Amino acid sequence: MADMNWPKQGTAAVLGATPDRIDGIAKATGAAKYTYDITPDKMLLARALGCPHGHCQITAIDVSPALQVPGVVAARALKNVGAQVNWEGDLVAVVVGETEGAVAEGLKEIKFAFNPLDVWVDDSDLAGAEKAGRTQGAGDNTKLDNKDIKKPEEQDAEFKRLLDECKKDGAVVEGEYGIHVITHMCLEPHGSTCEWEGDKLTAHLSTQNVSGTAGQFATPLQIAATDVTVHCDYVGGGFGSKFGADSWGVVCAQLAKETGRPVKLMLDRDLELKNAGTRPSGFIQVKIGANKEGVVQVWDSKHWGTSGIQGGPVTQGVIPYVFDPPNRRRKSIGINTNAAGARAWRAPNHPQACAITQVAYDDIARALGIDSYDVFLRNLPTVTNNKAEVYKAEMEIAAKLMDWRKKWHPHGKGPAKGSVVTGLGMAIHTWGGAPHSSTCTVKIHPDGAVETFLGSQDLGTGTRTVIAMVVAETLGLPVDAISVNIGSSKYPTSGSSGGSTTVGGVSESNRRGATDALNLLLAKVAPKLDAQPEDLEAVKGRIQVKGNTAKGLSWKEACGLLGMTPIEVQGNFQRGVTQTNLSSNGVAGVQMAEVAVDRETGVVKMLKFVAVQDMGLIINRKLAASQIYGAVIMGIAAALYEERIMDPTTGKFLNAELADYKLPRLGDTGQIVVELYEPESEYNRGVVGLGEPPVIAPPAAIANAVCNALGVRVGTLPMTPKRVLDAIAKAK
Amino acid sequence: MKDQEHQNGKSGFNRRDFLRGSGAAAAATALATAPQLAFAQAADDKKVVRDQTTITLNVNGGDHKVIVEPRTTLLEAIRYQLKLTGAKPVSPDGVAGAATVLVDGKAMNADTLLALECAGKKVRTVESLGGEKPDAVPAAFVHNDAQQCGFCTPGFVVAVRAFLNAHPQATEAEIRHGLNGNICRCGTYANVIQAAMEVVKGGSK
Ligand code: FES
């Protein structure tokens, strides 16, 4: 019988290798078809009109003039007169036509008028938001070493006493830090191409949730979920924003029904940024006290931010981030702004929490004149995830790769080359990454062909390649012998890709399905080889008696014994139900940044970045490294470049085009060094998700490096040249 | 409060609107300055010429008849009429580089070119680098895993092809300097650099 457990470290044939991704060439030559690329015959194009004001009441909306434009086939208002619009860009109408030109002209003809209402978009100004009545408490939590102190006034006194003690003996820092709202900026915008056949809908949807979106079309369209097929072979970015059919997906389906033709409705870039996903901001005021070794004794903070119209801040549970000192008080306040609701953004809450709290830990190092590395090291006993030893090992590796000890200088005390100073910073992170539930169908055909089906998706992780590797490992076949089918809601249900759950989930179901299928095959083959099924193994394209190449059949011969009927087996993993040795939960991760800062221009340049990451058992080392490179680059973007900028008067999102929304380019990212940390202790844990963790620490690590270079804290991210210069000027 | 009335597009004009024949959804009416208004007025006086005409585009070595209006972009023509969807619409101003194609050998953004301007020119799309034996650039992208979601990748592949055609011996520093016209949200830049370096050194083993 084939063993379900993963092979021992170092004995796997395929796992841990670096095969190219199996759909790589399709992606690199334009053959891969994304939702935006699906162009059924007779397809019509649709575009939406966004509301021009951040908060208003509609006084007129008339789409009929659009219908006079040649080439416009349909138009509809999405809101009625009297309706209140709560953010700029909220979709108010849509036009369908034969060409992009006709649709654009039609949009222009729509009559739309409104009464402006009061707008609030400033999420950094807590006092202003309070005055405008835009705040709401979002939870607080207090923890004191002395548990007998329970009354609020006594707790106040105790925090004061603890801070005074630190002031005497160690250091106290009163800091203000922040990180602005950013968008998901999926390069393929949200949208769909919908086509009907009678009463059956096929929705080609740009989604990270293939198995979970059919019902989201069916319910509002009042049809059965069985009559909906959601299809997505390739998705051009999601990052947590593409779990839903979205209101405009449903509208697209309705318009396809109404016109009797397939309709494509993808959001324009600006509407994409205004509607389809942002990450909440985070701002904090903190008093942090440490002893003279730099071990933090007390943390007392108040933080706020916005998730748009929902008005929530970064969750208080992750403040301070990873570390949890013996005395800690935190309070969180949400600000309700005229902006679309935030969506899950890669590692929800964590990057902001890291960016606004681990900078305070670094400021302790600055205040005491201690090496930041030592401050992080000495605080490891307080980490919340029991991974102090993993962090310690990863810190040592990272320090070596960065040459930290040699390059380190106290904050602001490094050598300057003209106006340019350099500095080092670090940060650490954590994430869960337990696999999602997943079901697959594995088929072994009598001619030896193998295929697997599941309603999963490839967000860019390389889902197809991971699945092929797991099945190939299990069946003793090469990776290219496995045909992988994902991307249809008609396939067995597999979880949405969110929270670093996919690689674990699809590995679970496919390892299980392929093992069961193999055992059925071994039972067929055993009599032929005069052996018991449990004595057989599948290796290198053969079914043979264990360790005996002479006594076996080729894979093809073995499958020939199936006669006419393929083997078909379901692999099933249910999160929280299925007992498993194949996967686990929880990672650490250490990152270090080296930057150069020009004191005259305020420009920060990335020199080098080191990321050391554990993820349990690694399926494909090349794809794993890519995830980390990419995450680091996204983190550099949030540290130095990107933010949403809003006009306080009209509530307009001012930089909602790529020309104005700054992102790093290829030349902006410096040298990135990735180290996959996989000692046997990690390998034996099984698969743990990787997508989120490496995107968490970069902003904090880079902010700390900038502070180390300048000796001055740039409190708010992204650290644009202006913010850098302002911080320098303020410190003078 | 007085109604803010406006007919979309009667209030602003920019390159993007010109290209798409669109008025930006209710552009900043209330904020318009006198010169802006004058410019908008001038823009309004222009008639949309929507007459269709059939032209021949030479794409990937073959002549193709397409029906275009003056405002039809090259991107719209190749994607919807020739079904060559490798070049991607990411932002109408071309700053993402995702719609990069070669026009007479030069890397250009198909989303900021009018189809009419391309008649008589030789257009090559990313698809011409694929097929049975893919070009060294996409092959190196695969080998170095320079794609994640892959939406930016076709544009990047064409940009790298064009850059290396002009600089076959490019150094890493030159690659870092010369390929800043493309945006990748998934963060494949490090892998793209490796891929380009591999092509310079003679392709993947
Ligand atoms: S690979 Fe996703 S945008 Fe570049």
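**Note on a predicted two-chain model**

1. A:Asp164 has a relative accessibility of 31%, so this residue counts as partly exposed. The model is predicted, and the points below should be read that way. A:Asp164 forms a salt bridge with A:Lys160, with the closest N and O atoms 3.3 Å apart. Both residues sit in helix H5 (residues 152-169) of chain A; they are 4 residues apart, which means a separation of about one helical turn. A:Lys160 is exposed because its relative accessibility is 54%.

2. Another bridge joins A:Asp403 and A:Lys406, and here the closest N and O atoms are 4.0 Å apart. A:Asp403, at 34% relative accessibility, is partly exposed. A:Lys406 is exposed, with a relative accessible area of 71%. Elsewhere, bridges with shared partners tie A:Glu88, A:Asp270, A:Lys274 and A:Lys652 into one network.

3. Look next at A:Asp268 and A:Arg47. Their side chains form a salt bridge, 2.8 Å from N to O. This pair links distant parts of the chain, 221 residues apart. A:Asp268 lies in the loop between strand S13 (263-266) and H8 of chain A, while A:Arg47 lies in strand S1. Both A:Asp268 and A:Arg47 are buried. Over all chains, the salt bridge count is 46.

4. Where is A:Thr306, and what does its side chain meet? A:Thr306 is in the loop between strand S16 (296-305) and strand S17 (327-335) of chain A. Its relative accessibility is 1%, so A:Thr306 counts as buried. Its side chain makes a polar contact with the side chain of A:Thr337, at 2.7 Å. A polar atom of the A:Thr306 side chain also lies 2.9 Å from the backbone nitrogen of A:Gly308. Beyond its neighbours within four places in sequence, the contacts of A:Thr306 include A:Asp123, A:Val181, A:Pro280 and A:Arg644.

5. Now the domains. Chain A divides into domain 1 (24-32 + 435-573), domain 2 (35-118 + 190-266) and domain 3 (278-433 + 584-731). The C-alpha centres of domains 2 and 3 of chain A are 38 Å apart. Their contact takes 15 residues from domain 2 and 14 residues from domain 3. About 1100 Å² is buried between these two domains, and carbon and sulfur atoms give 50% of that area. On the domain 2 side, A:Trp87, A:Glu88 and A:Phe239 lose the most area, together 47% of what that side buries.

6. Polar links also cross between domains 2 and 3 of chain A. The count is 2 salt bridges. For residue pairs in polar contact, the count is 7. By class, the touching side of domain 2 has 5 nonpolar, 7 polar and 3 charged residues. A:Asp246 and A:Arg343 form a salt bridge, with the closest N and O atoms 2.9 Å apart.

7. Last, the chain interface. Chain A gives 79 residues to the contact and chain B gives 73 residues. The two chains bury about 6400 Å² between them, with 53% of it on carbon and sulfur atoms. A:Leu187, A:Arg665 and A:Leu666 supply 13% of the area that chain A buries against chain B, more than any other three residues.

8. Across this interface there are 6 salt bridges. There are also 31 residue pairs in polar contact. In B:Arg71 and A:Glu105, which form a salt bridge, the closest N and O atoms are 2.7 Å apart. Elements giving two or more residues to the chain A side include helix H3 (100-109), strand S6 (111-116) and helix H16 (621-641). H16(A) gives the most, with 9 residues. The chain A side divides into 36 nonpolar, 21 polar and 22 charged residues.

Conventions: Residues are numbered from 1 along each chain as its sequence is written. Chains are lettered from A and ligands numbered from 1 in the order in which they are written. This is a predicted model: local features need pLDDT of at least 70, side-chain atom pairs count only at pLDDT 80 or more; totals for chains, interfaces and linings use all residues. Side-chain values use heavy atoms; hydrogens and water are left out. Domain bounds come from an automatic or database domain assignment. Contact means heavy atoms within 4.5 Å. Buried area is the accessible area (1.4 Å probe) that two parts lose on being put together, summed over both. A polar contact is a pair of N or O atoms within 3.5 Å; within protein, one must be able to donate a hydrogen and the other to accept it, and residues adjacent in sequence count only if both atoms are side-chain atoms. Ala, Val, Leu, Ile, Met, Phe, Trp, Tyr, Cys and Pro count as nonpolar, Asp, Glu, Lys and Arg as charged, and the others, Gly among them, as polar. Buried means under 20% relative accessible area, exposed over 50%, partly exposed in between (1.4 Å probe, protein chains only).
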